[in-house]
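Please look over the structure shown below before reading on. The briefing that follows takes it topic by topic.

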Amino acid sequence: MRILLSGATGAMGKMVAAQAKAAEDAEIVFGWTEATGETAAFPLSANIEDAPAADVLIDFSLHTTLPTLVAYARAHHLPMVIATTGHTPEELALMDQAAEEVPVFHSGNFSLGVHVLKLLARSAAAALPDFDIEIIEAHHHRKVDAPSGTAKMLVSAIQDVRPDTTVIGGRDGHVGARPADEIGVHAVRGGSIVGEHTVLLAGLDEMIEIKHTALSRAIFAKGALAAARFVTSAAPGLYDMDDLFLNDK
């Protein structure tokens with residue numbers, strides 16, 4: 001599996017490269033990056049048109065690169081794995097358009113454990129309709145978007161079973177009593193936290209916490225490579241971790 005890696009010199013790009021090197025069926029053939037002075041075991045360039053033929057594109061860069069990546073993927077009929085977060089509604093629409101021509105795998109988090117967290121959160125929200133729900137996410141101080149893509153993914157899963165809820169990002173000042181149809185989302189930034197997500201369900205006289213803690217970025221790289229293997233043989237369309245799990249059954 002020949003991989004074109006976008007964001008190749010970032011922390012996650014380097015982790016994907018390391019995991020691909022350890023795998024028997026994956027090879028990074030090109031890295032797209034705007035960083036200068038970086039070196040790698042594969043060619044690097046700021047011009048994506050310098051890339052050789054590849055089987056799949058994996059993106060761990062910035063959401064603003066999406067238009068360039070989509071144009072390249074459509075022109076070269078290249079499957080895409082989009083692991084970047086923070087996309088605007090317009091960029092998400094562009095992803096949908098690309099999926100009409102090439103397979104596009106997009107997820108707010110590529111950890112298998114986080115996918116199970118999402119399933120548990122959805123199930124708990126349905127089973128405990130009178131419990132208030134809050135989501136707390138924590139990441140390193142270099143993360144530029146908030147709330148995290150994973151937090152948004154958890155909100156979406158909960159709203160599958162609680163469609164009338166509204167989301168509030170933190171609270172400040174005299175906000176009044178908490179309405180029952182609210183989901184609070186809170187972002188913490190500091191140090192080198194890889195990623196931590198907690199779904200808190202608070203009822204009368206009892207509380208449940210469902211939590212996932214990432215101890216290494218390797219879990220996201222391994223998940224992205226698994227998604228790449230899946231998407232290289234998929235038909236055009238938009239896929240996520242649900243499809244990867246179903247494919248493994």
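In which loop does Asp205 lie? Asp205 lies in the loop between strand E10 (195-203) and strand E11 (206-214), where helices (H or I, at least four residues) and strands (E, at least two) are DSSP runs numbered from the N terminus. This is a predicted model, in which local features need pLDDT of at least 70 and side-chain atom pairs count only at pLDDT 80 or more, while totals for chains, interfaces and linings use all residues. Residues are numbered from 1 along each chain as its sequence is written, and side-chain values use heavy atoms, with hydrogens and water left out.

**Backbone features**

- Most residues other than glycine have a negative phi, and most peptide bonds are trans.
- Asp205, although not a glycine, has a positive phi of about 70°, and with 85% relative accessibility Asp205 counts as exposed (buried means under 20% relative accessible area, exposed over 50%, and partly exposed in between, with a 1.4 Å probe and protein chains only).
- His77 is likewise not a glycine and has a positive phi of about 50°; His77 is placed in the loop between helix H2 (66-76) and strand E5 (80-82), and counts as exposed at 62% relative accessibility.
- The peptide bond from Ala146 to Pro147 is cis, with omega near -5°, and Pro147 is found in the loop between strand E7 (132-139) and helix H5 (149-161).

**Nonpolar cores**

- The largest nonpolar core has 31 residues, and those with the most contacts inside it are Val16, Ile28, Ile58, Val81, Phe105 and Phe110; such a core is a set of buried Ala, Val, Leu, Ile, Met, Phe, Trp, Tyr and Cys residues joined through side-chain atoms within 4.5 Å.
- At least two residues of this core come from each of strand E1 (2-6), helix H1 (11-22), strand E4 (56-59), helix H6 (218-231) and helix H7 (241-248), and H6 supplies the largest share, 8 residues.
- Leaving aside neighbours within four places in sequence, Val16 is in contact (heavy atoms within 4.5 Å) with Leu5, Ile28, Ile58, Phe60, Ala221 and Leu225.
- Another core, of 22 residues, lies apart from this one and includes Ala54, Leu69, Tyr72 and Ala99.

**Helix packing**

- The axes of H1 and H6 come within 9 Å and cross at roughly 65°, the axes being lines fitted to C-alpha atoms, for helices over the stretch in contact, with angles from 0 to 180 degrees between N-to-C directions.
- Met12, Met15, Val16, Gln19 and Ala20 of H1 make this contact with Ala218, Phe220, Ala221, Lys222 and Leu225 of H6.
- Helix H4 (residues 112-127) packs against H5 at an angle of about 35°, with the axes 8 Å apart.
- Val114, Leu117, Lys118, Ala121, Arg122, Ala125 and Ala126 in H4 meet Thr150, Met153, Leu154, Ala157, Ile158, Asp160 and Val161 in H5.

**A buried charged residue**

- Glu182 lies in strand E9 (residues 182-189) and is buried, with a relative accessible area of 11%.
- Leaving aside neighbours within four places in sequence, Glu182 is in contact with Ile133, Thr166, Ile168 and Arg171.
- Glu182 and Glu134 are 48 residues apart in sequence and 8.5 Å apart in space, C-alpha to C-alpha.
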